[in-house]
Amino acid sequence: AMLFLARMDVSFPESLTPEQVTDFQAREKEYSGNLQKSGKMKGIWRVVGEYSNYSIYDVESNDELQEVLSSFPMYKYMNIKVTPLAQHPNATRDFF
């Protein structure tokens with residue numbers, strides 16, 4: 001398995017109606033919940049004061065991560081920065 005940290009910054013265009021935004025948010029919540037249940041998403045944290053989050057993914061390959069990220073309902077409205085993670089030798093416990 002491979003661990004990745006992803007920062008997602010969401011920016012909706014002005015042309016979307018409040019109803020469209022609400023629909024995207026509901027579908028996003030369902031998709032994110034399913035990723036967490038499956039263990040592919042290990043955690044998600046909001047960035048205070050921004051429409052952004054950090055999340056950790058546990059996947060088998062770069063290709064699987066691309067599939068997971070590009071399947072987010074709001075993918076086309078996201079700027080995503082991915083950082084590969086490796087175990088630190090000073091870690092006193094395994095978080096995931």
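**Close-up views of a predicted model**

**View 1. Ala6 and Leu5 beside strand E3.** Ala6 stands opposite Ser55 in E3. Leu5 has Ile56 as its bridge partner in E3. The model is predicted: local features need pLDDT of at least 70, side-chain atom pairs count only at pLDDT 80 or more, and totals for chains, interfaces and linings use all residues. Residues are numbered from 1 along each chain as its sequence is written, and side-chain values use heavy atoms, with hydrogens and water left out. Strand E1 (residues 2–10) pairs with E3 in the antiparallel sense, over 8 bridges. Strands (E, at least two residues) and helices (H or I, at least four) are DSSP runs numbered from the N terminus; two strands pair if DSSP finds at least two bridges between them.

View 2. Of the 8 residues in strand E3 (residues 52–59), 6 are buried, so the strand is largely enclosed by the rest of the structure. Buried means under 20% relative accessible area, exposed over 50%, and partly exposed in between (1.4 Å probe, protein chains only). Strand E2 (residues 41–46) runs antiparallel to E3 and is joined to it by 5 bridges. Trp45 stands opposite Tyr54 in E3. The hairpin of E2 and E3 has 5 residues between the strands, and Gly49 there takes a positive phi near 80°.

View 3. The 4 strands of the open sheet follow the order E2-E3-E1-E4, with antiparallel pairing. E2 and strand E4 (78–85) are the edge strands, each pairing on one side only. From one strand to the next, the twist averages 20°. H2 packs on the sheet and touches E1, E3 and E4, and its direction makes about 140° with that of E3. H1 lies across E2, E3 and E4 and runs at about 135° to E2. Axes are lines fitted to C-alpha atoms, for helices over the stretch in contact, and angles run from 0 to 180 degrees between N-to-C directions.

**View 4. The largest nonpolar core.** This core has 20 residues, and Phe12, Leu35, Tyr57 and Phe72 have the most contacts inside it. At least two of its residues come from each of E1, helix H1 (18–38), E3 and helix H2 (62–70). A nonpolar core is a set of buried Ala, Val, Leu, Ile, Met, Phe, Trp, Tyr and Cys residues joined through side-chain atoms within 4.5 Å. Leaving aside neighbours within four places in sequence, Phe12 is in contact (heavy atoms within 4.5 Å) with Val21, Phe24, Tyr51, Met74 and Tyr77.
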